[in-house]
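Trainee: I'd like to learn how to read a model like this one. Could we go through it feature by feature?

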Amino acid sequence: MPSPRYWREVPSRLRLEAARCSGCGKVNYPPRPICPGCRGKESEPVTLSKTATIITSTVIHIAPDDFLFEAPYAIAIVETPEGARFMAQVVECDPSSVGPGMDVSLEFRLIRKEARSGILCYGFKAVPTASWEAQS
Amino acid sequence: MREVAIVAAGMTPFGELWEMSLRRLFAEAALEAITMAGVDHLDAIYVGNMSGGCFVGQEHLGPLMADQIGMAGVPSTRVESACASGGIALRTAFFEVASGASDLVLASGVEKMNDGADATNVLATAADQELEVYHGITFPGLYAMIARAHMEAYGTTEEDLSWVSVKNHRHGALNPKAQFPLEFTLEQVMNSTPVAEPLRLLHCSPVSDGAAAVLLCPLDQAKKYTDQPIKILGTGQATSAMALADRKDPTFLDSVQLSAERAYTMAGVGPDDIDVAEVHDCFAISEICCIEALGLVERSQAARAAASGLTALGGRIPVNTSGGLKAKGHPVGATGIAQIIEIYEQLRGESGRRQVQGARLGLAQNMGGSGASSVVHILERI
């Protein structure tokens, strides 16, 4: 994958920049030229909180090449307090303990090293919050 | 629009066909259909194919395949919509005949998945690269997330998922063209290797080579080619958000419901009228979600439909009598056409030990990605 592709994604992927639609209030992440909810074209920038809740998840046992040595690993769809949903790995915990309803914090991490180019790919991973661990 | 019929079909066995190339697979299926109808020309060809480029380094399949069957000169177009490529190739061919533009059109699908490419990586190109694949998700992983959400919302169990595989392998054991024509016990399915929790190996369709083709013409010309044409009564297609995270409810395949509504409306029938159905069981959970969204089974009964026998041969609405993608195999671009051939043969009474007695109306539903594309066709015995 060529490096400009990663550079283009820096604002959303590395800074969690999203857009709140001025028409319907939906938070779109990453920002788009038109809101998929109401087709509105006006929006204001919003930076997502670094906390989220897991909507659904899985544990990958058969992994893609770039993640072969990490399997098994947990990956989830998370929702931030702003209502944005996206995918993130869930780390620093037993993968089998990850499930819907779990509270997580979002932390800046290395996602993978691209096999062909060796480019280091960064982004956010989810870590279960201390309060969640105390509850369970 | 003119009424359109299917008058011939051809299909390779599905499986690890090491001796067969991409072009050879296509030629075998296409020539079987062409020979069956006894035609010496075609007005157009549509080739459903997900990823010739990634699997074997071959794009531009339209002219390649026309040339391989001695039809260079004929307009020939590759249709891509991930695993729904075959179904959407059929829909495209349907409109070309219905519009009056062409009289004789071949709708086909082909995929060569076993030729050295990493199928996990190639299939992942049908998910959102920037939002999903970047983070290490796989296709089984996406459907595993749907399964886990379904379990959380409706109490669906791993045993429910496993019964879908047991049922489809019982059907597939009766299909000589199936990749895995053998039965598995519930225990074997539930103890198979984990792939993406809660999905195990025997909840997943296999990596397959294969091709399938059907020949379409106007209904009022169909008797020239066969005594028993099958009418395409309705077609419907829909899309949904590409990324699973962008769907309102991860347990519900809204593109499947929308494509079905459009096909039912066009056909003037409803789900209760359907006698036999092929649905896109790429993973066990997808059959459960699809029969719900198609309206074939009430939501409260969908998870238990395979276990209770509702969707088995002899049940109220037999689903995936071919063995489905699970047992028959899933050469992704060919799947949509292979589903149509199972329904075509059922309606013609040619399904042998898999025959649904008296079947008059059949439905085929073909899906792409984690449900971002869906296409539904309703066929009728006339």
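Mentor: Take A:P31: leaving out residues up to four places away in sequence, A:P31 touches A:S12, A:E17, A:A18 and A:A19. Before we go on, this is a predicted model, where local features need pLDDT of at least 70, side-chain atom pairs count only at pLDDT 80 or more, and totals for chains, interfaces and linings use all residues. Residues are numbered from 1 along each chain as its sequence is written, chains are lettered from A and ligands numbered from 1 in the order in which they are written, and side-chain values use heavy atoms, with hydrogens and water left out.

Trainee: Where is A:P31 placed, and is A:P31 buried, exposed or partly exposed?

Mentor: Helices (H or I, at least four residues) and strands (E, at least two) are DSSP runs, numbered from the N terminus. A:P31 is in the loop between strand 2 (27–28) and strand 3 (43–47) of chain A. For accessibility, buried means under 20% relative accessible area, exposed over 50%, and partly exposed in between (1.4 Å probe, protein chains only). A:P31 has 41% relative accessibility, so A:P31 counts as partly exposed.

Trainee: What does B:P331 look like by those cut-offs?

Mentor: B:P331 is buried, at 0% relative accessibility. Its loop runs between helix 12 (324–328) and helix 13 (332–348) of chain B. Apart from neighbours within four places in sequence, B:P331 is in contact with B:F14, B:E111, B:M113, B:S208, B:D209 and B:G210.

Trainee: On to the two chains. How do I read the size of an interface?

Mentor: The size of an interface is often given as the accessible area lost when the parts come together. Buried area is the accessible area (1.4 Å probe) that two parts lose on being put together, summed over both. Between chain A and chain B, that area is about 2700 Å², with carbon and sulfur atoms giving 56%. Chain A brings 34 residues to the contact and chain B brings 29 residues.

Trainee: How many salt bridges are there between chain A and chain B?

Mentor: A salt bridge is a side-chain nitrogen of Lys or Arg within 4 Å of a carboxyl oxygen of Asp or Glu. The count between these chains is two. One pair joined in a salt bridge is B:E130 and A:R5, at 3.5 Å from N to O. Then there are polar contacts: pairs of N or O atoms within 3.5 Å, where within protein one must be able to donate a hydrogen and the other to accept it, and residues adjacent in sequence count only if both atoms are side-chain atoms. That rule finds 14 residue pairs across the interface of chain A and chain B, both residues being at pLDDT 80 or more.

Trainee: Which elements of chain A supply at least two residues of the side that touches chain B?

Mentor: Helix 1 (3–8), strand 4 (51–60), strand 5 (73–79), strand 6 (85–90), strand 7 (103–113) and strand 8 (120–128) each do. Strand 4 of chain A gives the largest share, six residues.

Trainee: How many aromatic pairs does the structure hold?

Mentor: Rings of Phe, Tyr and Trp (its six-membered ring) pair if their centres lie within 6.5 Å; planes under 30 degrees apart count as stacked, over 60 as edge-to-face and the rest as tilted. Over all chains there are eight pairs. The rings of B:F139 and B:Y143 have centres 6.4 Å apart and planes at 35 degrees, so this pair is tilted. Both residues lie in helix 6 (residues 139–154) of chain B, four residues apart, about one turn of the helix, and both are buried. In chain A, one aromatic cluster is formed by A:F108, A:Y122 and A:F124.

Trainee: What are the side-chain polar contacts of B:T251?

Mentor: The B:T251 side chain makes one with the side chain of B:D249 (2.7 Å) and another with that of B:R299 (3.3 Å). B:T251 is buried, with a relative accessible area of 3%, and lies in the loop between strand 8 (230–239) and helix 9 (254–267) of chain B.

Trainee: Last one: how many residues of helix 10 of chain B are buried?

Mentor: Ten of the ten residues in helix 10 (residues 284–293) are buried, so this helix is largely enclosed by the rest of the structure. These buried residues pack against helix 6, helix 7 (158–172), helix 9, helix 11 (299–302) and strand 10 (361–368) of chain B. Just after helix 10, B:G295 takes a positive phi of about 80 degrees.

Notes
Contact = heavy atoms within 4.5 Å.
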